[in-house]
Amino acid sequence: MATSKLMSMADAVSRWVPDGSSIALGTTLETAIPFAAGHELMRQGKKGLTLIGPISDILFDQLIGAGCVQRVQAAWVGNVITGVGYNFRRAVEEQRIVVEDHSNLTVSLALQAGAMGVTFLPCRTALGSDLYMTNPGLKTVVCPFTGQKHAAVAAIVPDVAIVHVQRSDVFGSAHAWGNMGISREACMASRHIILTAEEIVSTELITRDPNRILTPGFKVSAVVHAPWGAHPSPMPGCYNRDHAVFIDYQKQSRTPELFASWTEKWIHTVSSIHEYVACIGNACSRLSITHHDITEPVDYGY
Amino acid sequence: MDIDTGYTQSELMVAAASRQIADGEVVFVGMRLPLLGFLVAKSLQAPNAVGVYELGIIREMVAPEPILTMGDLPNLYRSQWLADTRDTMSLLQQGLVDVSFIGGAQVDRFGNLNTTQTGGDGTAITRLPGSGGACDLACLAHRHIIIMAHEKRRFVPRVDYITSPGYGDGKGWRESVGLIRGGPAAVITTLGVFIFDPETCEMVLASVHPGATVDMIAEQTGWPVRISTYLSQTDPPTRQELSALRRFDPERYWTGK
């Protein structure tokens with residue numbers, strides 16, 4: 001009999017993300033960013049983390065500003081609709097963090113190599129770029145069949161992937177839909193997976209539509225019920241993007257002092273996702289889905 | 001509806017970018033101004049263009065409502081395919097993407113682009129966000145278009161860091177480093193449009209925007225500007241282009257200046 005992996009955000013982060021962990025998060029790019037889990041990492045004062053991701057829309061900047069991060073393996077760190085991430089910029093310029101620069105393709109392949117259990121994968125991007133100067137996980141390799149030069153991307157095996165999904169059962173079988181980013185390879189590659197979910201549902205509801213399942217449930221270590229857990233990023237089927245938060249964050253992270261006030265307000269005086277939802281109360285109705293588009297059921301019978 | 005035919009610098013750049021897209025082309029669409037350029041092209045001369053977005057979206061229809069980022073839910077609605085980032089990058093790597101658009105902080109005469117860091121070599125580093133998908137687009141699309149503000153600190157003799165390769169140090173460089181196709185086809189700036197000389201792979205000024213002059217461009221460029229013998233004036237945005245653009249950016253978030 002399988003055991004429930006359902007636990008509180010505080011327990012999941014405390015148990016599965018020790019200081020010094022490498023974490024893949026923000027793997028769906030602009031959508032479904034696990035902000036609630038990221039904020040719990042900050043609340044627990046994690047140290048020495050390695051963050052792994054493609055683009056990162058302000059969550060990496062927040063974790064860096066909070067002093068949780070030692071290393072970043074990513075393609076882009078900033079604020080998608082305003083540009084620069086000020087905490088990231090300050091930390092790199094003051095040499096407080098190490099950055100290994102990827103492109104979106106190379107970070108995907110690094111995780112795909114981890115997912116496949118091989119030590120590297122070849123590709124044809126990044127050749128001639130300076131990413132090689134700032135990323136020891138990139139080299140060139142000659143194809144043994146054609147003699148052509150390729151880029152070689154070293155495998156990344158994160159300690160944990162944190163992914164936000166629409167719905168999960170208590171054992172870690174979960175439905176995710178929308179654009180997938182690099183979530184599938186991130187989950188497959190990681191030693192542990194924390195799923196945060198808008199909704200906790202029955203196993204039957206999940207297994208009746210197995211094509212929509214993100215990753216094998218047996219690989220998942222923790223399941224957390226986190227409604228609005230991706231706010232202010234958009235969550236397909238659940239809520240739209242809260243642009244104002246990203247625009248305000250630009251102002252509120254411009255100096256370390258401003259960022260400290262932001263942290264006090266949004267991290268330290270908010271103890272859980274439920275309190276957070278109460279804080280954003282007015283936004284919830286404004287962001288709700290107004291144009292529903294329900295698909296036809298499919299037949300998986302025999 | 002009658003519209004205000006006065007326009008901003010950004011609107012002119014978006015219109016110029018949209019004209020680079022031909023009907024039926026597969027376009028890898030980036031964030032900010034390129035996102036709008038694609039939507040304008042789709043609405044006008046390129047109704048059959050297909051948009052590929054790095055977060056894992058392939059679209060034939062324009063989003064039913066204005067969007068500020070590629071991940072806004074209207075941009076997922078009734079997609080041709082919702083997929084993995086790796087799938088979109090695989091289309092690119094196979095050679096199925098005709099054109100892409102990227103922006104940058106620094107560019108040089110061979111179209112090498114920097115969005116990672118300026119300074120270094122003994123001077124203080126200024127850190128920028130990084131590649132995102134830009135390096136992949138510059139390496140693997142059949143051609144890419146660069147869109148950026150025209151300032152002397154940005155148009156430098158040699159970029160401090162190559163995030164997105166252009167033509168390196170000239171003809172033959174891309175082949176020598178192992179790149180299998182592509183290269184920048186045009187640079188659309190706040191002052192004019194450059195193309196690349198097929199012989200030397202250097203940037204050549206092809207058109208000057210209304211209100212700008214060759215002298216202004218020379219002054220804001222960190223190397224002696226080469227000028228096309230067919231130098232023209234950039235066509236201002238048409239009424240149709242402005243109308244389409246303002247439909248997708250009604251609050252003028254991207255194109256207010």
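Predicted model: local features only at pLDDT ≥ 70, side-chain atom pairs only at ≥ 80, totals over all residues.
In chain A, strand E6 and strand E8 (residues 149-154) pair in the antiparallel sense over four bridges. Two strands count as a pair if DSSP finds at least two bridges between them, and helices (H or I, at least four residues) and strands (E, at least two) are DSSP runs, numbered from the N terminus.

Residues are numbered from 1 along each chain as its sequence is written, and chains are lettered from A and ligands numbered from 1 in the order in which they are written.

Back to chain A. E6 and E8 belong to an open sheet of three strands, in the order E6-E8-E7, with antiparallel pairing. The edge strands are E6 (120-123) and E7 (138-142) of chain A, and each pairs on one side only. From one strand to the next, the twist averages 40°. Helix H5 (residues 104-116) of chain A lies across E6, E7 and E8, running at about 145° to E6(A). For angles like this, axes are lines fitted to C-alpha atoms, for helices over the stretch in contact, and angles run from 0 to 180 degrees between N-to-C directions.

Ten strands form an open, mixed sheet in the order E4-E3-E2-E1-E5-E10-E11-E12-E13-E14 (chain B). Strands E4 (81-82) and E14 (226-233) of chain B stand at the edges with a single partner strand each, so one side of each has no neighbour in the sheet. Inside it, three bridges join the antiparallel strands E2 (residues 50-53) and E3 (residues 57-59) of chain B, and Tyr53(B) stands opposite Ile57(B) in E3(B).

| Helix pair | Angle | Axis distance |
|---|---|---|
| H2 (residues 35-43) and H9 (residues 256-268) of chain A | about 110° | 10 Å |
| H1 (residues 9-18) and H2 (residues 33-43) of chain B | about 55° | 8 Å |

The angle makes H2(A) roughly perpendicular to H9(A), while H1(B) is oblique to H2(B). Angles under 35 degrees count as roughly parallel, over 145 as roughly antiparallel, 65 to 115 as roughly perpendicular and the rest as oblique.

Which residues meet in the chain A pair? His39(A), Met42(A) and Arg43(A) in H2(A) meet Thr263(A), Ile267(A) and His268(A) in H9(A). Those contact residues divide into two nonpolar, three polar and one charged. Here Ala, Val, Leu, Ile, Met, Phe, Trp, Tyr, Cys and Pro count as nonpolar, Asp, Glu, Lys and Arg as charged, and the others, Gly among them, as polar. The contact of H1(B) with H2(B) has nine nonpolar, three polar and no charged residues.

Finally, the two chains touch: 49 residues of chain A are in contact with 44 residues of chain B. Residues are in contact if their C-beta atoms, placed from the backbone, lie within 7 Å. On the chain A side, the largest share, five residues, comes from E3(A). By class, that side has 21 nonpolar, 17 polar and eleven charged residues.
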